[in-house]
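Please look over the sequence and the model shown below, and then read the notes that follow on one helix and the core that it joins.

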Amino acid sequence: MEQPDTSAEQPSPPRTEPAELAGRLRAVLQQLLPLIRGRSPHRDLTPSRTAALAALAAHGPLRIGELAARMHIALSTTSRMVDLLDTCGWIARRPDPADQRASLISLNDDGLALLRAVRRETTGLLAERIGRLAPDRQRLLYDALPALEEMVEWTPPRPARRAAAR
């Protein structure tokens, strides 16, 4: 009896533990991000400031507390960062119509232009690196993007509130 030809079948990849994947991903990101940032002419634009500008572009205008929550950093740190962004001339502050004691922070035209320039530069650098990959490796990267995007979008559920004491 003749055996079926299975040479065209691709073996399934071995199951990789999430901790191993996380370690490899962290290591790659730690090497990739400085490579991108190291070529930027915008030396005064740190990664945290870039993240704040991006959060404001995506979700603004925001109160400082909302920005801190989106960035997962302390309110005091965010307040100092907003002061720096304001000093650099990249944001606008206006009173919150819902509470005149609070301010809403948003990107101004200069901040938006800067963020767009940085995104163009980093996209160009990444496109150059991706272009050096073999087509099959580019496809693997393309196929991984939905999972990476899902990781970014996922937020842990908030703890349940305790019922009020009766």
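What covers the buried residues of α4 includes α2, α3, β1 (91–96) and β2, where helices (H or I, at least four residues) and strands (E, at least two) are DSSP runs numbered from the N terminus. This is a predicted model, in which local features need pLDDT of at least 70 and side-chain atom pairs count only at pLDDT 80 or more, while totals for chains, interfaces and linings use all residues. Residues are numbered from 1 along each chain as its sequence is written, and side-chain values use heavy atoms, with hydrogens and water left out.

- Thr78, Met81, Val82 and Leu85 of α4 are buried, meaning under 20% relative accessible area, as against exposed at over 50% and partly exposed in between (1.4 Å probe, protein chains only).
- Seen down the axis of α4, the buried residues fall within an arc of 105°, so they line one face of the helix; the arc is that of the directions from the helix axis to the C-beta atoms.
- On the face turned away from this buried side, α4 carries the exposed residues Arg80 and Thr87.
- After α4 comes Gly89, whose phi is positive, near 80°.

**The nonpolar core**

- In the largest nonpolar core, which has 19 residues, those touching the most other members are Leu53, Leu56, Leu67, Leu85 and Ile91; such a core is a set of buried Ala, Val, Leu, Ile, Met, Phe, Trp, Tyr and Cys residues joined through side-chain atoms within 4.5 Å.
- α2 gives the most to this core, with four residues.
- Apart from neighbours within four places in sequence, Leu85 is in contact (heavy atoms within 4.5 Å) with Arg49, Ala52, Leu53, Trp90 and Ile91.
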